[in-house]
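Hello,

My notes on it follow.

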Amino acid sequence: MTSYAPILRGSTMPDRRGMSETAVRLRALSAEQWGEQRALDMIGLSPALSEAQAKVEKIARYREPVLITGESGSGKELFAQAIYLLGPSRGQPFVAANCPQYQEGDLTVSELFGHTKGSFTGAVADRKGAFEEADGGVIFLDEIADLRPSAQMMLLRALSTGEIRPLGATRSRSVDVRVVSATNGHLNHLVATKQFRFDLLFRLRQFHIAIPPLRERGDDWRLLTDFWLDRLAAKYGVAKRFSAASLKLLGTYDWPGNVRQLIGVVKTGYAMADDDVIEPAEFVSYLEESEGMRSAEQPSLYERIVKQEEPFWTVVYEAFIRRDLNRSQVRGLIKAGLNASGGNYRRLLELLRLPASDYQRFMDFLRHHDLKP
């Protein structure tokens, strides 16, 4: 029978309850590699999580590319780090690159593969890209579905030949890098609509790990809740717990934002509670405002742009690139706008208070990120 006793109560050192043997080992390896502040805490004992961990144990020893899929907030980077720590590259570089961050043509290639001086405006010196920085180790390409077509071709070449060519360079350079990529999107759909190369997907998916969403992890939510309450107690010196009513609510919630959302709930409840018992009133507003209440959040997003005249490129584009918004939320906004514009995208631009000159940029943004409803 699983015990849900507090994990850290009264201690600054982590108890190993709530962690599998693999998770305990990963925590020790990560603390040794990056220090205690960056140690990995992979909390959960559910069969679904254990199955994913077992797969990591098997494939980590190899150097082949790995594709990690899972919903936003489910812990894809945590698993990428686990592959690195359990593999032969531990001690070598681990470099993470967020693909949506690089959306200008030359910048995409430069950030990933480097550039030579004078290769484009602003290139005042030679610069190594993420692949060269990760030479000998692992590169983690987060949200690989958002990689621009030009970079997709260069990534395919790097995977096929072990060579990269910086922007503006006349000669290729050899790199020994294990590529671990991740996405919360549907790459098969992007391949079918010719937005993502099939041959690249084939190369990236030599090994595949599917991260289970929190709602499919049984009572792991309770272990995570105890863990984060105890971490906060150790940090701030005050122990708090969720009431029976709070636990009942959390136990029936489906966690659309996964572990990231649960952490937000715990931190909000802990901060808002005036005494040592956290009641639903202390955190229910967070749930209502989070991505779990999409139907409530999307009109708010729409209203901010259409009625309050906040700029689309700031409210939506920048938030999406930072991953503060997900595809479903942006699609909901676009759908609401299309309903109001009679399905006309140029009229939608007017509704969103965008100039006509932004039409191509706007359509490229929707098409590239698969945001059309």
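**Salt bridges**

Asp364 and Arg367 join their side chains in a salt bridge, with N and O 2.4 Å apart. This is a predicted model, and every distance, angle and accessibility in this email was computed from it. The two residues are 3 apart in helix H17 (residues 359-368), so about one helical turn separates them. An α-helix has 3.6 residues a turn, so residues three or four places apart point the same way. Asp364 is partly exposed, at 34% relative accessible area, and Arg367 is partly exposed too, at 39%.

The whole structure holds 12 salt bridges. Another of them is between Glu71 and Arg215, where the closest N and O atoms are 2.3 Å apart. Glu71 sits in the loop between E1 and H3, and Arg215 in the loop between E7 and helix H9 (220-236), so this pair ties together parts of the chain that are 144 residues apart in sequence. Glu71 is partly exposed at 26% relative accessibility, and Arg215 is partly exposed at 41%.

Is Arg27 buried or exposed? With a relative accessibility of 5%, Arg27 falls in the buried class, for which the cut-off is under 20%. Glu36, on the other hand, has a relative accessible area of 40% and is partly exposed. Both residues belong to a network of salt bridges that links Arg27, Glu36, Asp41 and Arg231.

Strand E1 (residues 66-69) pairs with E7 in the parallel sense, over 4 bridges. Within this part of the sheet, Ile68 stands opposite Ile209 of E7.

**Helix packing**

H3 also packs against H1, at an angle of about 80° and with 10 Å between the axes. How are H1 and H3 oriented to each other, roughly parallel or roughly perpendicular? Angles of 65 to 115 degrees count as roughly perpendicular, and H1 and H3 are therefore placed in that class. On the H1 side the contact is made by Thr22, Arg25, Leu26, Leu29, Ser30, Gln33 and Trp34. H3 contributes Gln81, Ala82, Tyr84, Leu85 and Leu86.

Helix H14 (residues 312-321) is mostly covered, with 8 of its 10 residues buried. The buried set is Phe312, Trp313, Val315, Val316, Tyr317, Ala319, Phe320 and Ile321.

Ser20 is found in the segment before helix H1 (21-34). Its relative accessible area is 13%, so Ser20 counts as buried. Beyond the neighbours within four places in sequence, Ser20 is in contact with Gly44, Leu45 and Gln53.

Ser246 is located in helix H10 (residues 244-252). At 0% relative accessibility, Ser246 is likewise buried. Which residues does Ser246 touch, leaving aside its neighbours within four places in sequence? They are Ile278, Glu279, Pro280 and Phe283. With Ile278 there is also a polar approach: a polar atom of the Ser246 side chain lies 2.7 Å from the backbone oxygen of Ile278.

That is what I have for the handover.

Regards

Key. Residues numbered from 1 in each chain as written. Predicted model: local features only at pLDDT ≥ 70, side-chain atom pairs only at ≥ 80, totals over all residues. Heavy atoms only, no water. Pairing = 2+ DSSP bridges. Buried < 20%, exposed > 50% of the residue type's maximum accessible area, 1.4 Å probe, protein only. Polar contact = N/O pair within 3.5 Å; in protein donor to acceptor, adjacent residues only side chain to side chain. Contact = heavy atoms within 4.5 Å. Salt bridge = Lys/Arg side-chain N within 4 Å of Asp/Glu carboxyl O. Axes fitted to C-alpha atoms, helices over the stretch in contact; angles between N-to-C directions. Parallel < 35°, antiparallel > 145°, perpendicular 65-115°, else oblique.
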